[in-house]
Amino acid sequence: MSTSLLIVQTLNGLQLGVLLFLIAAGLTLVFGVMDFINLAHGVQYMLGAYLAVMFYGLTGNFLTALVLALGAALVFGLLLEFIVFRHLYDRDHLDQVIATFGIILFLNQGVKILWGASPLSLPMPEALSGSVVLMPGILYPVWRLVIIGSGLGVALLLYVLVNHTRVGMLVRAGASNAAMVSALGVNIRRLFMIVFGFGTMLAGFAGIMIAPILSVEPGMGDTILILAFVVIVIGGIGSIRGAFLAALLVGLVDTLGRSFAVDIMRLFMAPSPARTVGPAIASMLIYLLMAVVLYVRPGGLFPAKGRS
Amino acid sequence: MVDVTATSTPAPPRRGLFSGNALPIAIFVLFALVPFVATFKAETYVLSLVTRVMIFAIAALALDLLIGYGALVSFGHAAFIGLGAYAVGILGSHGVNDALVSLPVALGISGLFALATGIVCLRTKGVYFIMITLAFGQMAFFTASSLAPYGGDDGLTVRMRSTFAGLPIFTNDRALYYICLGFLLAAYLICRSLVASRFGRVYRGARENPQRMASIGFEIYRYQLVAYVIAGMIGGLSGFLLANATDFVSPAYMSWQRSGELLIMVIFGGIGTLSGAIIGAAAFLLTEEWLSGITEHWKVIFGPLLVIVAVFAPGGLLGLANRLRRMIRG
């Protein structure tokens with residue numbers, strides 16, 4: 001458990017946390033404001049990555065691909081909202097679950113048909129592909145720092161948007177009582193569309209940013225979706241601040257847990273059982289964390305609704 | 001936070017064809033006849049497919065008991081299937097193959113797991129309940145994956161199917177089929193009488209209006225916990241049968257995707273009807289089987305199908321059938 005490993009893994013944890021935040025932010029708003037369970041949020045992330053790969057293949061420029069993919073992800077998300085989701089806002093949550101689950105099946109298979117089942121990769125921009133020396137002896141890939149930086153940038157942007165603009169005020173009001181906001185004469189449907197489009201774009205952005213260091217493959221959104229749900233539940237549904245803190249917490253706990261579980265388990269047991277128990281405990285940690293948080297605070301850390 | 005599940009669709013009005021026993025009787029007669037039809041064509045294939053349907057129908061029934069009657073949307077119900085299956089697998093690898101041991105163990109373990117997790121889960125409501133049951137399901141999944149002596153990630157082969165007091169009754173595919181049918185019927189009758197009983201009325205009342213039930217003087221938490229444990233044990237039963245039907249046990253039985261599929265089955269069929277759970281399991285698995293025979297990209301068809309059901313047929317297939325009937329009658 002050397003210090004340099006600890007630093008590197010802490011940064012990796014931050015990077016995962018930031019990524020989770022990008023996905024969870026949209027999810028928690030859509031959920032909090034529209035009371036809509038969108039399981040298809042994970043495939044938006046996958047779609048972002050695939051679109052980036054496609055546009056990179058067409059243009060050969062990462063930045064252009066990024067912009068085009070973001071736009072395409074937004075258009076696609078709004079299209080989904082228009083065709084399917086808007087018919088389900090007033091419905092039971094279970095209907096929303098079954099519909100968005102259907103969309104997951106469709107899109108996972110759809111990208112398989114369009115781009116094949118084998119993993120694709122997106123080359124990162126040349127200038128950012130190296131590593132930097134953080135401290136003597138510690139090299140860290142620049143791209144991961146870029147992810148952390150851009151994630152924190154988005155978090156700051158969201159903070160300003162949500163807390164210091166008129167739309168943000170409406171979003172906050174919508175998260176605590178959507179019916180009242182609507183009764184006060186706000187076009188809640190338009191607000192929903194803005195929130196939804198923005199959330200979709202953030203998920204797509206997360207997919208694009210992670211694509212260079214992860215393989216782009218069908219189903220990549222499913223695991224991350226569950227993690228994002230864990231994040232928004234720990235943070236309290238509808239709360240951006242909660243999502244941010246919970247995302248960093250989950251990212252750090254998961255990454256550090258995976259790197260050090262075996263070592264920690266060795267303190268308590270023989271090396272060979274530690275090698276099998278360690279990874280299992282590590283995979284469980286975030287769920288354990290969620291169960292404990294919900295046991296102590298059944299509404300998450302920062303519930304947006306006044307009542308909970 | 002609006003309580004998400006308290007407002008969930010109430011059980012459809014029980015009238016006409018679905019009021020009495022016509023539908024469940026039709027379902028069970030159909031199941032009982034399948035082996036006779038199957039002798040004409042592809043017997044092994046049909047039997048194993050429909051056995052699978054019935055096993056998942058048992059688990060779906062248990063889940064419907066939670067969702068449809070208690071508004072307890074569990075996203076970790078596959079864990080109980082896994083526990084039941086692992087009871088068979090692990091006991092089998094130690095040479096204990098008799099159902100007189102493994103079935104009570106399977107039920108006991110899943111019941112205990114339901115009790116321990118239910119105490120925690122039932123503190124939360126709505127979406128938080130969904131997520132905390134997911135959390136426990138995942139913990140069970142990762143625990144199973146780490147069981148290195150019993151195959152870890154790869155799972156473990158059940159070398160010998162269960163015997164009953166020494167008799168190898170699970171070995172014959174046709175016998176296994178009827179055993180599963182018997183258990184499905186038993187599970188159905190248990191759930192049904194439970195829902196209709198005084199206990200069931202309190203339990204259903206807790207879904208409709210927890211405050212009122214509490215102020216009448218019922219401690220609804222206890223009722224929900226008992227229902228959760230019963231649903232868990234029925235899930236364990238289906239796991240016990242699944243291990244015998246597939247001769248294999250794997251952590252994949254407990255994955256969250258599996259829990260999601262169970263949820264879809266129940267919603268697809270129509271929640272709060274019990275028959276709907278059986279129909280949903282059959283519709284889900286048979287459609288999957290049918291479409292995957294047509295094209296390897298069957299999910300491209302199946303996905304939109306689910307969307308269409310959700311948008312145009314709230315209340316699932318049974319709800320749709322009910323509305324069609326009313327339309328025909330005018």
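**Exercise 1.** In which sense do strand 1 of chain A and strand 2 (residues 138-141) of chain A pair, and over how many bridges?

*Solution.* Step 1: In this predicted model, the two strands of chain A pair in the antiparallel sense, and four bridges join strand 1 to strand 2. Step 2: One residue pair can be named: A:V133 has A:L139 in strand 2 of chain A as its bridge partner. Step 3: The two strands form a hairpin with two residues between them, and A:G137 of this hairpin has a positive phi near 90°. Step 4: Strand 1 (residues 131-135) of chain A is hardly covered, since the count of buried residues among its five residues is zero.

**Exercise 2.** Is B:A165 buried or exposed, and why?

*Solution.* Step 1: Locate the residue: B:A165 lies in the loop between strand 1 (156-157) and helix 6 (173-196) of chain B. Step 3: B:A165 has 8 C-beta neighbours inside 10 Å, so B:A165 counts as exposed. Step 4: Its backbone has a phi near 50°, a positive value in a residue other than glycine.

**Exercise 3.** Where does B:D247 lie, and what is its phi?

*Solution.* Step 1: B:D247 is in the loop between helix 9 (220-246) and strand 2 (248-249) of chain B. Step 2: Its phi is positive, about 55°, although B:D247 is not a glycine. Step 3: B:D247 counts as partly exposed because it has 14 C-beta neighbours inside 10 Å.

**Exercise 4.** How many residues apart in sequence are B:L112 and B:M233?

*Solution.* Step 1: B:L112 belongs to helix 4 (residues 99-121) of chain B. Step 2: B:L112 and B:M233 are 121 residues apart in sequence, with 8.7 Å between them in space, C-alpha to C-alpha.

Definitions and conventions:
Residues are numbered from 1 along each chain as its sequence is written. Chains are lettered from A and ligands numbered from 1 in the order in which they are written. This is a predicted model: local features need pLDDT of at least 70, side-chain atom pairs count only at pLDDT 80 or more; totals for chains, interfaces and linings use all residues. A residue is buried if 20 or more other C-beta atoms lie within 10 Å of its own, exposed if 12 or fewer, and partly exposed in between; C-beta atoms are placed from the backbone. Two strands pair if DSSP finds at least two bridges between them.
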